Amino acid sequence: MSDAPVPILMYHSVAADPNDATRVLSVAPEAFAEQMALIGGLGMTPLTTAGLAAHWRSGRPLPARPVLITFDDGYEGVHRHALPVLAEHGFPATLFVSTGWIRGDHDTGGGLDTMLDWRQVRELAATGVEIGGHSHTHPRLDGLDDARLRAELDLCTRIVGAELGAAPVSFAYPYGYSSRRVRQAVRAAGYAQALAVGNALARRRQGPYALERLTVRRSTGAEEFERLLLGRAVARTFAGDRALTKGYALVRRARQVRRKAIRPRD
């Protein structure tokens, strides 16, 4: 069975004038339109997250030059700016929503910029955008105890199911962080596949709960974007990101060891 790599693009905000909290990981509407045109010009075939996983799970051949277009969190610009471009090209995509950040009855006020409301989420779903889970309040899941972890996953799943009429089957880890315990909890919550970050091409051998993605940000130019789509110089492009990720992982591990060391005994 083929283990050919697949680029999974990770977007956040698509905005002309993002705020400081989202600027680095935002993409200008004009840049997003140019990037989607490039995908079309290269003859690539966008899939949803569930669609890719279904191909790999069944062993069916993938379409020519597959690519995934994914959005995290649930920013309003996905509806305002990205949806018309996706519709123009007939591209499916996946939106991973943090349910406590979406405007409406479940809003906790934690959204970093103007967020979608549930009417807009339903409109996105009606156009072929897969809606996945991204937790309720967007915490680092690997830092939660078991009870809080289950609550974050279950609440997100229930709200998406109630608002859209179907439970989500794909998940994206907030900040990209997971662990074996988190992945097991995501599976137990009913998700069939989940995406990390990793800044590498996705491969079947990564397993359905640890598929890696490529970060698209405001500084991603057209030439760099094309290299990502073609899988060229990916490691060099994200060398700085990987160093920071490894450093933060060491800090988190040290904090966990320290917490265990000072935990009072019965």
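User: What makes Thr22 buried?

Analyst: Thr22 has a relative accessible area of 4%. Buried means under 20% relative accessible area, exposed means over 50%, and partly exposed is in between (1.4 Å probe, protein chains only). At 4%, Thr22 is therefore buried. Keep in mind that this is a predicted model, where local features need pLDDT of at least 70, side-chain atom pairs count only at pLDDT 80 or more, and totals for chains, interfaces and linings use all residues. Numbering runs from 1 along each chain as its sequence is written, and side-chain values use heavy atoms, with hydrogens and water left out.

User: Where does Thr22 lie, and what is it in contact with, leaving aside neighbours within four places in sequence?

Analyst: Thr22 is in the loop between β2 and β3 (26-27); strands are DSSP E runs of at least two residues, helices are H or I runs of at least four, and both are numbered from the N terminus. With neighbours within four places in sequence set aside, Thr22 is in contact (heavy atoms within 4.5 Å) with Ser13, Tyr75, Leu112 and Asp113. As for distance in sequence versus space, Thr22 and Arg217 are 195 residues apart in the chain, yet 9.9 Å separates them C-alpha to C-alpha.

User: Ser13 came up there. Is Ser13 buried or exposed, and how do you know?

Analyst: Ser13 has a relative accessible area of 4%, so it is buried. Ser13 belongs to strand β2 (residues 13-14). Past the neighbours within four places, Ser13 is in contact with Thr22, Leu25, Ser26, Val27 and Tyr75.

User: How many residues are in the largest nonpolar core, and which touch the most other members?

Analyst: That core has 48 residues, and Tyr11, Phe32, Ile39 and Phe71 touch the most other members. To be a nonpolar core, a set has to consist of buried Ala, Val, Leu, Ile, Met, Phe, Trp, Tyr and Cys residues joined through side-chain atoms within 4.5 Å. There is also a second, separate core of 11 residues, and Val6, Ile8, Leu68 and Ala202 are among them. In soluble globular proteins, nonpolar side chains tend to be buried together.

User: Why are α1 and α7 called oblique to each other?

Analyst: Helix α1 (residues 29-41) and helix α7 (residues 222-230) pack at about 40°, and their axes are 11 Å apart. The axes are lines fitted to C-alpha atoms, for helices over the stretch in contact, and the angle between N-to-C directions runs from 0 to 180 degrees. Under 35 degrees counts as roughly parallel, over 145 as roughly antiparallel, 65 to 115 as roughly perpendicular, and the rest as oblique. So α1 and α7 are oblique. On the α1 side, Glu34, Gln35, Leu38 and Ile39 meet Ala222, Phe225, Glu226 and Leu229 of α7.

User: At what angle do α1 and α3 pack, and how far apart are their axes?

Analyst: α1 and helix α3 (residues 77-89) pack at about 20°, with their axes 10 Å apart. That makes α1 roughly parallel to α3. From α1, the contact takes in Pro29, Phe32, Ala33, Met36 and Ala37, and from α3 it takes in His81, Ala82, Val85, Leu86 and His89.

User: Why is Leu211 counted as buried?

Analyst: Leu211 has 3% relative accessibility, so it counts as buried. Leu211 sits in strand β10. Neighbours within four places aside, Leu211 is in contact with Ile8, Trp56, Ala194, Leu195, Ala196, Arg203 and Gln206. Val197 is 14 residues from Leu211 in sequence and 7.7 Å away, C-alpha to C-alpha.

User: Is Tyr175 buried or partly exposed, and what is its phi?

Analyst: Tyr175 has a relative accessible area of 41%, so it is partly exposed. The loop between β8 (170-172) and α6 (180-188) holds Tyr175. Its phi is positive, about 65°, although Tyr175 is not a glycine. Most residues other than glycine have a negative phi.

User: And what about Asn199, buried or exposed?

Analyst: Asn199 comes out at 5%, so it is buried. Phi of Asn199 is near 50°, positive in a residue other than glycine. Asn199 is in the loop between β9 (193-198) and β10 (211-215).

User: How many helices and strands does the protein have, and what share of its residues is buried?

Analyst: The protein has 9 helices and 10 strands, and 47% of its 266 residues are buried.
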